[in-house]
Amino acid sequence: MAQPWQAGDFEPKKRPVQRRSRETFEALVEACTWLLPRRGYAGTTTNHVAARAGVSIASLYEYFPGKDAIVAQVADRMVARILARLSEDAIAVGAAPEVGAVRLWVEKIHDTVMREHELIAVFVYQVPYTNRLDAIRAVSGRLLAFSPQLHRHDGGRVRREISPALMQLLINLVTSTILQLVVEPLEPAAHRALLDELATRVEEWVR
């Protein structure tokens, strides 16, 4: 059965240029970001978003064709926040003592993703087209692009001959494990044990 969504459903009707229009656009995206974890995907409507943003429904439809285009913007901002934090964390990890640096990096990724856990859970379990969103589809490639940055700050502690295939495998292992822990957390001792084991395996591969 064909999916009911078209590519244009996820794109704004227009991008704001003037300050006031940018403020309206951002208010709508922020309102949807706030509503999704509280009302869920199905329970969030354009009327809810407009009311939360303090704008008319007509203003909403001036910029977006419907709810899904706003949800796509929420995903884009969420991914951008996570990647920005990880970029900052890469420098801190590179400056850390060699012993425990990989474990610190794994914990930084976990903590960064955990900060978005309520919103991530909505995209994992409720939004029916998550994997069709450009921001989500691009995550793996954007994480792979972190490897040169990590090398710049690792003090020579990560071997340079890591192939793109191995790096992709590492990214898949770390992100899938952490995502699972974030949306379906274990009891604290088991949660910590799994993170420790993940860090140990990654360290074995990159040293």
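Helices (H or I, at least four residues) and strands (E, at least two) are DSSP runs, numbered from the N terminus. The model is predicted, so local features need pLDDT of at least 70 and side-chain atom pairs count only at pLDDT 80 or more, while totals for chains, interfaces and linings use all residues. Residues are numbered from 1 along each chain as its sequence is written, and side-chain values use heavy atoms, with hydrogens and water left out.

**Exercise 1. Find Arg 52 and state how exposed Arg 52 is.**

Step 1. Arg 52 sits in helix α2, which covers residues 46–53.

Step 2. Buried means under 20% relative accessible area, exposed over 50%, and partly exposed in between (1.4 Å probe, protein chains only).

Step 3. Arg 52 has a relative accessible area of 45%, which means that Arg 52 is partly exposed.

Step 4. Now look back along the chain: Glu 30 is 22 residues away from Arg 52, and their C-alpha atoms are separated by 9.0 Å.

**Exercise 2. Work out what the end-to-end span of α1 says, and find the kink.**

Step 1. Helix α1 takes in residues 19–43, 25 residues in total.

Step 2. Among the buried residues of α1 are Thr 24, Phe 25, Leu 28, Leu 35 and Leu 36. An α-helix has 3.6 residues a turn, so residues three or four places apart point the same way.

**Exercise 3. Judge the confidence and list the helices of the protein.**

Step 1. pLDDT is the predictor's confidence in each residue, from 0 to 100.

Step 2. The protein has a mean pLDDT of 86, and 86% of its residues reach 70 or more.

Step 3. Helix α2 has the highest confidence, at a mean of 98, and helix α9 (residues 146–153) the lowest, at 56.

Step 4. Count the elements: there are eleven helices and zero strands.

Step 5. To finish, buried residues make up 42% of the 207 residues in the protein.

Notes
The expected span of a helix is 1.5 Å times one less than its number of residues. The bend at a residue is the angle between axes fitted to the seven residues ending there and the seven starting there.
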